[in-house]
Protein chains: 2
Amino acid sequence: MNISELGEFGLIDLLRELVDNTGDKNSSARPELILGIGDDAAAWQGDLSVQLATSDTLVQDVHFTLDFISWEDLGWRAMSVNLSDIAAMGGLPRYALVSLSLPGSTEVDSVTDLYRGMIELANKHGTVIVGGNISAAPQVVINITVLGRTNPGKKHILKRSSARIGDKIAVTGYLGTSAAGLKILKENVRLDSESEQPLRQAFLRPNPRIQEGQLLVEKGVRCAIDISDGLVADLGHICKASNVGARIDSSRIPVQPAVTSHFGDKALGLAFSGGEDYELLFTAPLEVINSVKDAASCPVTVIGKIIEDNPGEVLVPDDNEHSLSLESTGWKHF
Amino acid sequence: MNISELGEFGLIDLLRELVDNTGDKNSSARPELILGIGDDAAAWQGDLSVQLATSDTLVQDVHFTLDFISWEDLGWRAMSVNLSDIAAMGGLPRYALVSLSLPGSTEVDSVTDLYRGMIELANKHGTVIVGGNISAAPQVVINITVLGRTNPGKKHILKRSSARIGDKIAVTGYLGTSAAGLKILKENVRLDSESEQPLRQAFLRPNPRIQEGQLLVEKGVRCAIDISDGLVADLGHICKASNVGARIDSSRIPVQPAVTSHFGDKALGLAFSGGEDYELLFTAPLEVINSVKDAASCPVTVIGKIIEDNPGEVLVPDDNEHSLSLESTGWKHF
């Protein structure tokens with residue numbers, strides 16, 4: 001059955017049921033929820049922590065094509081890009097509003113699969129879908145707003161504007177993996193399945209670094225961003241917001257062996273500007289980064305430092321110590 | 001200049017400046033704002049009132065066409081549909097996230113006009129734009145999330161599920177005016193300008209009933225919805241959520257004289273199912289409605305009552321006292 005046969009309100013009822021039945025019942029956000037899906041607005045009991053809100057949009061044939069992502073993975077991905085923004089603030093996600101624009105010919109099963117993917121990831125992080133809306137459109141547009149907060153009792157958030165001269169620059173996990181996964185999917189490349197799977201998954205089902213964001217706050221980091229546009233572009237955002245420069249040591253960029261072995265010379269390019277890794281990029285004094293490293297359950301790698309020169313710019317010295325200034329080479333709309 | 005020439009980040013900088021320079025500086029939401037546009041998420045100091053969140057999407061050629069609405073009016077309208085949802089909860093809007101999907105050929109001036117319209121209305125209600133995102137798309141899609149709260153110290157919200165048998169049904173303002181305005185715009189009808197202007201404005205620049213929502217809470221109303229889908233459809237939402245029936249006296253529906261005189265027999269149809277009036281439809285004991293009426297600065301009209309029979313349905317008796325059951329005749333997607 002397609003959604004024009006079921007109708008808008010039938011679809012909303014079905015999705016509400018799915019959220020009620022499969023959503024995280026033990027989420028700490030649930031006891032404070034007063035009204036979820038089904039009224040003019042969602043409502044919950046407020047608290048005195050710092051509140052966070054972020055919104056992101058995925059547009060068919062701009063951000064994704066249904067040729068090589070399933071509806072379920074698409075749901076996961078759409079949720080993850082928003083949860084990642086909350087992670088980058090050192091926050092805990094709590095509630096999500098999902099706005100879907102869909103062609104009438106979309107299968108009902110596709111929409112429930114999309115929701116299943118969103119719910120699966122939301123459940124991992126105690127996030128409850130509490131509202132949104134559905135409208136007709138010529139192509140699929142998914143907009144998710146996630147509302148979060150700092151850990152109760154804490155007020156400290158991670159800002160782009162808090163980098164200080166002398167800070168080291170570090171990153172969680174590996175870079176370029178998602179872009180490598182996308183290339184493999186697009187070009188239908190086959191590697192051995194052990195190498196291939198993590199690359200595909202990095203693109204299809206990125207894991208927002210919620211726990212790591214919490215760890216950064218706990219250890220006293222003050223400046224972070226998530227890598228969505230690409231390392232150079234996102235570090236550029238930090239440099240502009242903090243009015244500092246950055247210098248990256250490209251030999252230190254953490255790249256997965258499967259990416260290096262398959263993409264060779266191009267692996268570093270993917271790491272620099274591929275984007276969508278949803279790793280956390282942060283700056284702090286070295287001893288703070290080391291304490292994060294000791295406590296983290298994922299790799300944490302120092303890749304450069306914050307400098308006074310060239311404020312707003314990211315320098316990547318080449319082998320002859322000539323600085324290449326990369327103003328921004330990440331994902332750009334328009 | 002079009003937005004593909006300016007680029008995504010240039011456009012964001014421009015819009016941030018516009019919001020900073022023309023946004024409401026005296027809004028009570030401002031002192032509590034920690035981070036607005038420009039980081040991974042917006043951040044503000046939380047409080048103990050009930051928190052509200054709503055999200056709505058306008059899709060080009062589905063919800064609007066640029067043939068007969070200006071970008072500035074479109075911005076106002078997009079903001080108003082969300083503020084109206086907060087009004088229908090008896091809440092006060094505070095922060096807005098704006099997600100725009102736009103063709104690269106869109107003029108920069110069009111986008112700033114859109115923002116001017118949004119900001120103009122947001123300012124009237126102390127609402128600050130604090131974030132969102134911009135992406136490319138083949139047609140314009142505007143998604144706005146508005147975050148609000150109950151008046152500090154009050155916990156009471158207006159729900160769809162609170163209608164009680166014996167309640168009277170009342171509505172603020174007039175119905176069918178927006179649908180009449182849309183018809184006039186679409187068909188390029190000319191009435192005398194005194195009649196025409198309010199009709200056009202009802203469609204182009206609806207006024208969310210924030211103050212009236214507050215008044216409903218103050219006077220003890222417990223059940224409300226805003227009229228977006230249409231009177232019968234939205235009353236149907238109340239009936240379903242409250243598991244009650246409703247009976248409307250069609251002779252009491254408030255319709256503006258200009259609508260009746262121009263649309264004759266069809267005026268009542270516009271009032272019943274035209275939708276998008278963004279008036280508040282609410283139910284309460286008669287004495288409560290009368291106290292609202294005495295204090296309101298807009299018309300408040302009793303149009304029917306909540307009954308035990310036919311739960312989930314809206315009855316509109318005809319002249320011979322035969323009940324016409326109108327399950328839902330409002331705006332439907334798909």
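Colleague: What makes B:K183 count as partly exposed?

Modeller: Its relative accessibility is 32%. Buried means under 20% relative accessible area, exposed means over 50%, and partly exposed lies in between (1.4 Å probe, protein chains only). The 32% falls in between, so B:K183 counts as partly exposed.

Colleague: What kind of model is this, and how are its parts counted?

Modeller: This is a predicted model, where local features need pLDDT of at least 70, side-chain atom pairs count only at pLDDT 80 or more, and totals for chains, interfaces and linings use all residues. Residues are numbered from 1 along each chain as its sequence is written, chains are lettered from A and ligands numbered from 1 in the order written, and side-chain values use heavy atoms, without hydrogens and water.

Colleague: Why do you say that B:K183 and B:E187 form a salt bridge?

Modeller: A salt bridge needs a side-chain nitrogen of Lys or Arg within 4 Å of a carboxyl oxygen of Asp or Glu. Here the N to O distance is 3.9 Å. That is within 4 Å, so the pair qualifies. Side chains of opposite charge can pair when their charged atoms come close.

Colleague: How many salt bridges are there over all chains?

Modeller: The count comes to 34. Another one of them joins B:E279 and B:R209, at 2.7 Å from N to O. This pair links distant parts of chain B, 70 residues apart. B:E279 sits in the loop between α10 (267-273) and β10 (280-284). B:R209 sits in the loop between α6 (193-204) and α7 (210-219). Those labels come from DSSP runs, numbered from the N terminus: helices are H or I with at least four residues, strands are E with at least two.

Colleague: Are B:E279 and B:R209 buried or exposed?

Modeller: B:E279 has 9% relative accessibility, so it counts as buried. B:R209 has 16% and counts as buried too.

Colleague: Which parts of chain A does the pair A:D47 and A:R94 tie together?

Modeller: Their side chains meet in a salt bridge at 4.0 Å, N to O. A:D47 lies in the loop between β2 (42-45) and β3 (50-59), and A:R94 lies in strand β4 (residues 92-102), so the bridge ties together parts 47 residues apart in sequence. Both residues are buried. They also belong to a network of salt bridges with A:E32 and A:R149.

Colleague: What makes the relation between the chains a two-fold axis?

Modeller: Chain A is laid on chain B by a turn of 180 degrees and a shift of 0.0 Å along the axis, with an RMSD of 0.0 Å. That is the relation of a two-fold axis. Of the residues of chain A, A:D47 comes closest to the rotation axis, at 2.6 Å (C-alpha).

Notes: Least-squares fit on C-alpha atoms with pLDDT ≥ 70 in both.
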